[in-house]
Amino acid sequence: MAWSEIVTFAFVASLLVMSPGPNGVLIAKTVPTSGRAAGFANVAGFVTGFYLHGAMAILGLSILLVQSATAFAIIKYLGAAYLCWIGIKALVAAWQGVATIGKIDPAKKQRTLLKAYIEGLLTNALNPKVSMFYLAAFPQFITLGETTPSASFLLVFIHSMINALWFGAMVLLMSRLTSIARNGTFQRWLKGLTGVVFIGFGAKLATYKPNF
């Protein structure tokens, strides 16, 4: 695999990581209420999710899902349901918090690191923009019969490290803005935005039809 291909992939992957999506929303919701460690646990879940997407693409399962209408529909609707469920929970939390005034304290029952990790894993594994990237764009950097599995996983590693650096920096930033992020009004707006974004991505995934 040529260096030019690796650099091109890194550039495209960076644009994907930095574009707004469910991963960033999850970090913004986790850190103010559950702390920096939980935010890094989210990031660890994101990284694991990339290896799931990459393994599926490299092993050809992504192609199988696209070619099998039933299998693709099952995965698509499960992912859409999960994203919408998160969105609905966030909207309900925002509605219930309307009467709250002033500043709020961290959640009394904070996310455990395991729960935060699982949230990150599921959010990234079912993230429609990542799914579509590995279904459509990632195979273009792999030549069947020529690109070795190790070279393919190198691309996945690069993608995951870009993600870890970007969202790791976001965790550190959010932890320094904790006093602002815990403001009651900010939290209500954040939860409302979280709900709208996740439901929007869920709807986008549910209506997606591959052009293959």
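The model is predicted. The protein chain has 10 helices and zero strands. Of its 212 residues, 44% count as buried.

**Overall fold**

- Along the sequence, the protein chain reads α-α-α-α-α-α-α-α-α-α.
- Contacts in the protein chain with a separation of 6 or more are 88% between residues 24 or more positions apart.
- The protein chain exposes about 11,400 Å². Carbon and sulfur atoms supply 72% of that area.

**Largest nonpolar core**

- The largest nonpolar core holds 26 residues. Within this core, F9, I27, Y134 and F138 touch the most other members.
- Five elements are listed as giving two or more residues to this core: helix 1 (3-18), helix 2 (22-34), helix 3 (36-59), helix 7 (128-137) and helix 8 (149-176).
- Helix 8 gives the largest share of this core, with seven residues.
- What does F138 touch, not counting residues up to four places away in sequence? The list is F9, A57, I58, F133, S152, L155 and V156.

- Is N23 buried or exposed? N23 counts as buried because its relative accessibility is 4%, and the cut-off for buried is under 20%.
- The side chains of N23 and N124 are joined by a polar contact of 2.9 Å.
- Neighbours within four places in sequence aside, N23 is in contact with F46, T123, N124, N127, N163 and F167.

**A94, a buried residue in helix 5**

- A94 lies in helix 5, which spans residues 69-96.
- A94 has 10% relative accessibility, so A94 counts as buried.
- Which residues is A94 in contact with, leaving aside neighbours within four places in sequence? They are R188, K191 and G192.
- A94 and L193 are 99 residues apart in sequence. Their C-alpha to C-alpha distance in space is 9.1 Å.

How values were computed. Residues are numbered from 1 along each chain as its sequence is written. This is a predicted model: local features need pLDDT of at least 70, side-chain atom pairs count only at pLDDT 80 or more; totals for chains, interfaces and linings use all residues. Side-chain values use heavy atoms; hydrogens and water are left out. A nonpolar core is a set of buried Ala, Val, Leu, Ile, Met, Phe, Trp, Tyr and Cys residues joined through side-chain atoms within 4.5 Å. Buried means under 20% relative accessible area, exposed over 50%, partly exposed in between (1.4 Å probe, protein chains only). Helices (H or I, at least four residues) and strands (E, at least two) are DSSP runs, numbered from the N terminus. Contact means heavy atoms within 4.5 Å. A polar contact is a pair of N or O atoms within 3.5 Å; within protein, one must be able to donate a hydrogen and the other to accept it, and residues adjacent in sequence count only if both atoms are side-chain atoms. Accessible areas come from the Shrake-Rupley method with a 1.4 Å probe; for residues, only the protein chains shown count as cover.
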